[in-house]
Amino acid sequence: MDRRGLLRGAVVVGLGAAGASAALPAAAAPAIAAPSGPREPSLAPAPEAPSDAPAGTAAGVTLAAPTIASCDTWGAEAPRGTISTTSGRPNKILIHHMASANVTDYSQAAAYRIARDVQQWHFANGWVDSGQHLSVSRGGYVMEGRRGSLNGLRAGTHTVVGAHCPGQNSDAIGIENQGTYTNVAPPAQLWNSLVDLCAYICQQYDIAPTQIYGHRDFRATACPGDVLYSMLPQLRSEVAAALNGTSWSVTIDNTSSAFSASGNWLTSSYSSERYGSNYRYTTPAEVSDLATYRATIPSNGSYRVEAWFPGISGYNTSTPFIVYTGAGQSTVRVDQSTGGGAWLSLGTYSMTAGTRTVVAVSRWTGGSAYVVADAIRITRL
Ligand SMILES: [Zn+2]
């Protein structure tokens, strides 16, 4: 088929994170001599007594282990010294950001590369290995940090002494998130993997979701960035929902029977950034000709609404997405010329229970560039 002809003149741009920025933050004061390359300053771990192992098991559902690339999988070097093992379980999780660039390469290769980079930065600190226990890439790939962390997590009985926050290195699982979250939120892929990972850690070690903290809660540091830090209550809430088995999410693609659009909305599979096999597009027009997504909202509460679309420079920069909460509606303008191939948050809404159109894409916008309707995801918070 002649997909190129279908959308003549369109140019595919690279994957982009919504709101991503390559800017580095103002550096926190390094506690030690800084090697070249961005990395989060920290101190070598202080010796400390092992934590007691709490009794009990996680309630609710049993979560399957998420995919976590081991040190061998991502190509870690061997540790340059002895890594200590704790005799008991950790009792909390500390969230960090790497203070690295907010790259838009979301591939597995990029994930493994940043894991190797971090290990080198931490070797340069004089540490025996990566300081953190686990890492999450901007593309949502989860990786072992300090060697032995993964075996400890699977066993659920112990971990290795890390080097991510003085005083907490035996008590807290340290998670380094690729990027810098001072002014922007992490990409949805990273966030969703972080939620799954934290839920699994809580299950394995019997840690309450309330025991998820930011690095700055235990040390004077900007880490994990103002925006990511402000999202920790949401993280605790989503982790609790995952552990309780009350998490709920629905994804509605344009091929679903819950999607509806007139014949004015044409079908294309031109962009590889599409969700599923294809998407719908049409020209702007001052008419009521909505592409709609129906869903059954299971209960009154807070929901995050996200959109997925291919981001192409020839697409509309101000496409109206209408969110119907059951009590009213909100219109969010979306730039569809960039940032495609990922879940873009349209915001968090208080919704009432019931079956109805929950999101619509409108043609009533300016310019001549195509408006696109691809997939929608709704997640209860
Ligand atoms: Zn940190």
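**Figure 1. Overview of the predicted protein chain.** The secondary structure of the protein chain comprises 7 helices and 18 strands; helices (H or I, at least four residues) and strands (E, at least two) are DSSP runs, numbered from the N terminus. The model is predicted, with local features requiring pLDDT of at least 70 and side-chain atom pairs counted only at pLDDT 80 or more, while totals for chains, interfaces and linings use all residues. Residues are numbered from 1 along each chain as its sequence is written, and side-chain values use heavy atoms, with hydrogens and water left out. Of the 381 residues of the protein chain, 52% count as buried, where buried means under 20% relative accessible area, exposed over 50% and partly exposed in between (1.4 Å probe, protein chains only). Among the contacts in the protein chain with a separation of 6 or more, 80% join residues 24 or more positions apart; contact means heavy atoms within 4.5 Å.

**Figure 2. The crossing of helices α5 and α7.** Two packed helices are described by the angle between their axes and the distance between the axes. Here, the axes of α5 (residues 188-205) and α7 (residues 232-244) come within 9 Å and cross at roughly 60 degrees. The axes are lines fitted to C-alpha atoms, for helices over the stretch in contact, and angles run from 0 to 180 degrees between N-to-C directions. The two helices are therefore oblique to each other, given that angles under 35 degrees count as roughly parallel, over 145 as roughly antiparallel, 65 to 115 as roughly perpendicular and the rest as oblique. The crossing of α5 past α7 is right-handed; a crossing is right-handed if the near helix is turned clockwise from the far one by less than a right angle, and left-handed if anticlockwise. From α5, Trp-191, Leu-194, Val-195, Cys-198, Ala-199, Cys-202 and Gln-203 meet Gln-234, Leu-235, Glu-238, Val-239, Ala-242 and Leu-243 of α7. By class, this contact of α5 with α7 has 10 nonpolar, 2 polar and 1 charged residues. Ala, Val, Leu, Ile, Met, Phe, Trp, Tyr, Cys and Pro count as nonpolar, Asp, Glu, Lys and Arg as charged, and the others, Gly among them, as polar.

Figure 3. Leu-232, Leu-235, Glu-238, Val-239, Ala-241, Ala-242 and Leu-243 of α7 are buried. These buried residues pack against β2 (92-97), α5, β6 (212-214), α6 (226-230) and β12 (301-308). Gly-245, which follows α7, has a positive phi near 75 degrees.

**Figure 4. Helix α3 and its cover.** Helix α3 (residues 108-124) has 17 residues and reaches 25 Å from its first C-alpha to its last, close to the expected 24 Å. Buried in α3 are Ala-110, Ala-111, Tyr-112, Ile-114, Ala-115, Val-118, Gln-119, Trp-121, His-122 and Phe-123. Elements covering these residues include β1 (68-69), α2 (71-74) and β4 (142-144). After α3 comes Gly-126, with a positive phi near 90 degrees.

**Figure 5. Gly-152 in helix α4.** Gly-152 lies in α4 (residues 149-155) and is buried, with a relative accessible area of 0%. Not counting residues up to four places away in sequence, Gly-152 touches Thr-157, His-158 and Tyr-205. Its C-alpha atom is separated by 9.3 Å from that of Thr-86, 66 residues apart along the chain.

Figure 6. In the loop between β2 and α3, Ala-99 has a positive phi near 55 degrees, in a residue other than glycine. Ala-99 is buried, at a relative accessible area of 16%. Asp-206, in the loop between α5 and β6, also has a phi near 55 degrees, but counts as partly exposed at 25% relative accessibility. The loop between β6 and α6 contains Pro-224, and the peptide bond from Cys-223 to Pro-224 is cis, with omega near 10 degrees.

**Figure 7. Ser-318 and its contacts.** Ser-318 is found in the loop between β12 and β13 (319-324) and counts as partly exposed, at 24% relative accessibility. Beyond residues up to four places away in sequence, Ser-318 touches Arg-333, Val-334 and Thr-365. The C-alpha atoms of Ser-318 and Val-334, 16 residues apart in sequence, are 5.1 Å apart in space.

How values were computed:
Expected span 1.5 Å × (residues − 1).
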